[in-house]
Amino acid sequence: MKKLIAASVLAMLVVQPGLAAAPQFDTPAPVAYMEDMSSGSILYQKDADRRMPPASLAKMMTVYVAFDLIKKGELKLDQQFEMQPETWKKWHSQGSTMFLSAGEKVSVADLLYGIVTLSGNDACVVLAEGISGTEPAFVERMNRDAEKIGLKNSHFGTSNGWPDGGVTYVTARDLAALAKATITNYPDLYKKFYSRTDFTWGKTLGAGAAIKQENRDPLLGRVAGADGLKTGHTEEAGYGFTGSAIQNGRRLVMVLAGLGTYGQRAEESVKFMNWGFRSWQAKPIARKGKKVETAEVQLGTSNHVDLVAGKDLTATLPAGVGSEMTLKVAYDGPIKAPIKAGQHIADLVVTAPDMPTQRLPLVAATDVAEAGFFGRVWAGLTGLFGA
């Protein structure tokens with residue numbers, strides 16, 4: 001049974017008149033989405049569930065798969081893969097390239113820079129073949145991992161997003177979810193690979209000349225705290241971008257897609273991210289470790305467990321105005337033992353006028369073991385006849 005109770009944290013209910021509606025924003029992009037990762041609040045959405053070709057935004061999924069294997073120890077950054085002659089023949093001049101040469105051996109780290117910074121189609125396929133033997137086998141892994149992280153309306157047919165007749169498609173909401181999963185699950189790898197402003201490769205071309213290419217990320221160097229993620233462009237997809245930035249502890253993730261020109265993508269991306277930071281504020285709710293409420297426990301060595309903030313919790317509200325919030329704790333209860341400390345077992349539900357509901361995770365403060373036989377019998381008797 002779903003429990004919904006008023007939160008008992010002191011000084012958490014702030015009541016002031018004059019809450020403004022969500023700040024307005026307009027963009028020519030046919031698809032747009034923005035989420036505040038600190039609160040989980042969706043700040044803007046425009047056709048966010050439309051299926052669309054991702055172009056090079058699909059490479060975020062390829063990188064995610066590689067990051068996952070690196071974290072598990074199944075792939076090494078200094079491991080080398082070879083550009084096969086047939087792969088070079090197909091990809092050396094198809095769209096964006098890292099300028100790899102046939103027979104060239106390249107480390108996983110350099111391939112990741114070639115994918116993230118240079119958007120190299122060739123680098124994607126070399127990495128995919130090196131990991132799984134063939135690109136189709138790697139694509140199967142991409143789709144499995146996409147399902148695991150909850151990409152509900154996306155499918156991948158290539159490792160690099162090259163047009164494939166509609167087999168590959170994504171949504172803005174799923175792209176944001178992929179960005180969030182990358183940042184959350186692999187923070188060190190994200191920091192290492194996604195914020196580089198340029199990369200130089202092509203050392204085996206001609207007389208050993210190397211080619212320096214700039215990262216096309218329109219936020220890097222233009223928006224404070226910008227540190228990723230990926231641009232994309234094909235004729236059918238238009239110009240798109242999935243980006244993220246962090247300022248004063250607030251991390252925003254944004255998606256724009258279907259824009260008409262390179263310059264328009266840059267201009268709209270900067271405007272959109274600046275709007276997200278300037279027009280919204282983070283409202284502190286509870287510090288990490290603070291008790292918010294107590295939940296009932298069934299068939300445990302204790303009949304209750306404290307619910308605490310597993311991290312600093314904030315709500316997102318329009319900037320520069322007073323706020324009126326109602327806070328309630330929701331969980332399916334009573335919660336059955338065993339319970340582990342730090343386990344997400346409830347949500348703090350934040351509601352405010354003219355705003356979407358925000359749900360902030362609450363975790364168990366302590367372990368609660370499952371009761372022994374006699375404890376379960378006693379719990380059954382008290383359930384029948386009362387304490």
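Student: Why is the passage of α1 past α6 called a left-handed crossing?

Tutor: A crossing is left-handed if the near helix is turned anticlockwise from the far one by less than a right angle, and right-handed if clockwise; α1 passes α6 in the left-handed sense. The model is predicted, so local features need pLDDT of at least 70 and side-chain atom pairs pLDDT 80 or more, while totals for chains, interfaces and linings use all residues. Residues are numbered from 1 along each chain as its sequence is written, and side-chain values use heavy atoms, leaving out hydrogens and water.

Student: What makes α1 and α6 roughly parallel?

Tutor: The axes of α1 (residues 59-72) and α6 (residues 172-185) cross at roughly 25 degrees and come within 10 Å. Axes are lines fitted to C-alpha atoms, for helices over the stretch in contact, with angles from 0 to 180 degrees between N-to-C directions. Angles under 35 degrees count as roughly parallel, over 145 as roughly antiparallel, 65 to 115 as roughly perpendicular and the rest as oblique. The pair is therefore roughly parallel.

Student: Which residues make the contact between α1 and α6?

Tutor: Contact means heavy atoms within 4.5 Å. Met60, Met61, Tyr64, Phe67 and Lys71 of α1 meet Leu175, Leu178, Ala179, Ala181, Thr182 and Asn185 of α6. By class there are 8 nonpolar, 2 polar and 1 charged residues; Ala, Val, Leu, Ile, Met, Phe, Trp, Tyr, Cys and Pro count as nonpolar, Asp, Glu, Lys and Arg as charged, and the others, Gly among them, as polar.

Student: How do you know whether lysine 230 is buried or exposed?

Tutor: Buried means under 20% relative accessible area, exposed over 50%, and partly exposed in between (1.4 Å probe, protein chains only). Lysine 230 has 3%, and therefore counts as buried. Lysine 230 is in strand β8 (residues 226-234); helices (H or I, at least four residues) and strands (E, at least two) are DSSP runs, numbered from the N terminus. Among the residues that lysine 230 touches, beyond four places away in sequence, are Met60, Ile115 and Val116. An unreviewed UniProt entry annotates Lys230 as "binding site".

Student: Why is lysine 191 called exposed?

Tutor: Its relative accessibility is 64%, so lysine 191 counts as exposed. Lysine 191 is found in α7 (residues 187-194).

Student: What makes α3 largely enclosed by the rest of the structure?

Tutor: In α3 (residues 108-116), 8 of the 9 residues are buried, so the helix is largely enclosed. The buried residues of α3 include Leu111, Leu112, Ile115 and Val116. Over the chain, 51% of the 387 residues count as buried.

Terms used. UniProt positions renumbered as here; feature names shortened; annotations may be inferred.
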